[in-house]
Amino acid sequence: METDVLGAPYERHTIELGLDDEGPVVATLVRRRGDTPSRRAVLYVHGFVDYFFQTHLADFFVERGWDFYALDLRKYGRSLLPHQTPNFCRSLTDYFPELDESVRIIREQDGHDQLLVAAHSTGGLITSLWAHVRQGLGMLDGLFLNSPFFDFNAPWLARRPLLDVIARGGRRHPYRQLRVKTRGLYGQSLHAQHRGEWDYDLAWKPLHGFPVRLGWLEAIRRGQRKLRSGLGIDVPVLLACSTRTFRGRRWEDGISLADAVLDVDHMVRWAPRLGPHVTLARFDGGMHDLTLSGAEVRARVFDELGRWAEAFVAPRPAADETSTPTAERTSRTVR
């Protein structure tokens, strides 16, 4: 571990992942430990055009006795190398090795026996698929999904037959760009230099994003089809999202009170396909990244997350204690 770009007490470890068709590949595991030793840890995984900078999320967990880790996936943020295509992959399973190695470090090297995975947007899709494939191995104890990317925010004709045809081009021309017109409204609503309250590196998370490549599009389509066909995640899942989707094409104040990236109804629709134990929580006034919403909303998000974690990812009982029954699937709107 070495000191991270965020400064102490954040540390980072580079995970070497060999070579792909662009050259050397790495991922970066960021760590922040609490003041007292803990056997509990959380691993955060970011979304598309994103990286870990949400230190207030780490504060939340550390103050409650969890050691905090965040993973910048290959070709994202801290892990993006000069020779690489930003945020690109050919399959969502490409990310499984860094997830596996992060869990190994957290559990075996750092000595944690309980792990909650928290993931946002595209990270929510990736970790859902990974948790399904790794079921039965005891790698994680709970999964928190913050506005997961379960479908494209487009009318049915565009997101099904049209995108399927376009995505097939990724098999032959994976690096070809898809011409997508972006307005950067969501980025403006976040960054402190524009209309938001957050300061982050615009080289790693640009307002208008990075070019969408056909190979990435085809990988997302395959992953989403797999999820919609049904997964078998064997740990409790909390899926959280806004109550509204923003569909405007120009700046409006309402953009800061809704999901301006994805359709929240898609998340709700496909939540039951994750596994047998799913809790759904919706937040009035929530943004796409719920933890970056206005102060009042994110306080409600953290309150709900804290209650859920203590109920379903509670500290492991002593060996002579009996376990509690599994709770039923629940759904609630938090206002």
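This is a predicted model: local features need pLDDT of at least 70, side-chain atom pairs count only at pLDDT 80 or more; totals for chains, interfaces and linings use all residues.
Q: OK, and how far apart are the ends of H2?
A: The end C-alpha atoms of H2, which covers residues 96-109, are 19 Å apart. With 14 residues at 1.5 Å a residue, the helix should span 20 Å, so the two values agree.

Q: Which residues of H2 are buried?
A: Phe96, Glu98, Leu99, Ser102, Val103, Ile105, Ile106 and Arg107 are.

Q: Why would residues three or four places apart point the same way?
A: An α-helix has 3.6 residues a turn, so residues with that spacing face the same way.

Q: And what covers the buried part of H2?
A: The cover includes strands E2 (11-20), E3 (23-32), E4 (40-45), E5 (67-72) and E6 (114-120), plus helix H3 (122-133).

Q: Switching topic: where does phenylalanine 60 sit?
A: Phenylalanine 60 is in helix H1, residues 55-63.

Q: Is phenylalanine 60 buried or exposed, and why?
A: Phenylalanine 60 counts as buried because its relative accessibility is 5%, and the cut-off for buried is under 20%.

Q: What does phenylalanine 60 touch?
A: Leaving out residues up to four places away in sequence, phenylalanine 60 touches Phe302, Leu305 and Gly306.

Q: What about serine 128, how far is that from phenylalanine 60?
A: They're 68 residues apart in sequence, and their C-alpha atoms are 23 Å apart in space.

Q: Now pockets. How much space is in the largest one?
A: About 1,700 Å³.

Q: Which residues lie nearest its centre?
A: Val180, Lys181, Thr182, Ala260 and Val261 do, out of 49 residues that line the largest pocket. The lining divides into 29 nonpolar, 12 polar and eight charged residues.

Q: Which helices supply at least two residues of that lining?
A: Helices H4 (156-168), H5 (185-190) and H6 (214-228) each do.

Q: How many cavities of 30 Å³ or more are there?
A: One turns up in a search of the whole structure. The largest cavity has a volume of about 40 Å³.

Q: What lines the largest cavity?
A: Phe48, Pro86, Asn87, Phe88, Pro211, Val212, Arg213 and Trp216 line it. By type, that's six nonpolar, one polar and one charged.

Q: Are cysteine 89 and cysteine 241 buried or exposed?
A: Cysteine 89 is buried, at 2% relative accessible area, and cysteine 241 is buried too, at 0%.

Methods. Residues are numbered from 1 along each chain as its sequence is written. Side-chain values use heavy atoms; hydrogens and water are left out. Buried means under 20% relative accessible area, exposed over 50%, partly exposed in between (1.4 Å probe, protein chains only). On a 1 Å grid over the protein atoms alone, a cavity is a set of points where a 1.4 Å probe fits but cannot get out, and a pocket is an open set with protein on both sides within 12 Å along at least five of seven lines; lining residues have an atom within 4 Å of a point. Grid points are joined across faces, edges and corners, and a volume is the space filled by probe spheres set on the points. Helices (H or I, at least four residues) and strands (E, at least two) are DSSP runs, numbered from the N terminus. Ala, Val, Leu, Ile, Met, Phe, Trp, Tyr, Cys and Pro count as nonpolar, Asp, Glu, Lys and Arg as charged, and the others, Gly among them, as polar. The expected span of a helix is 1.5 Å times one less than its number of residues. Contact means heavy atoms within 4.5 Å.
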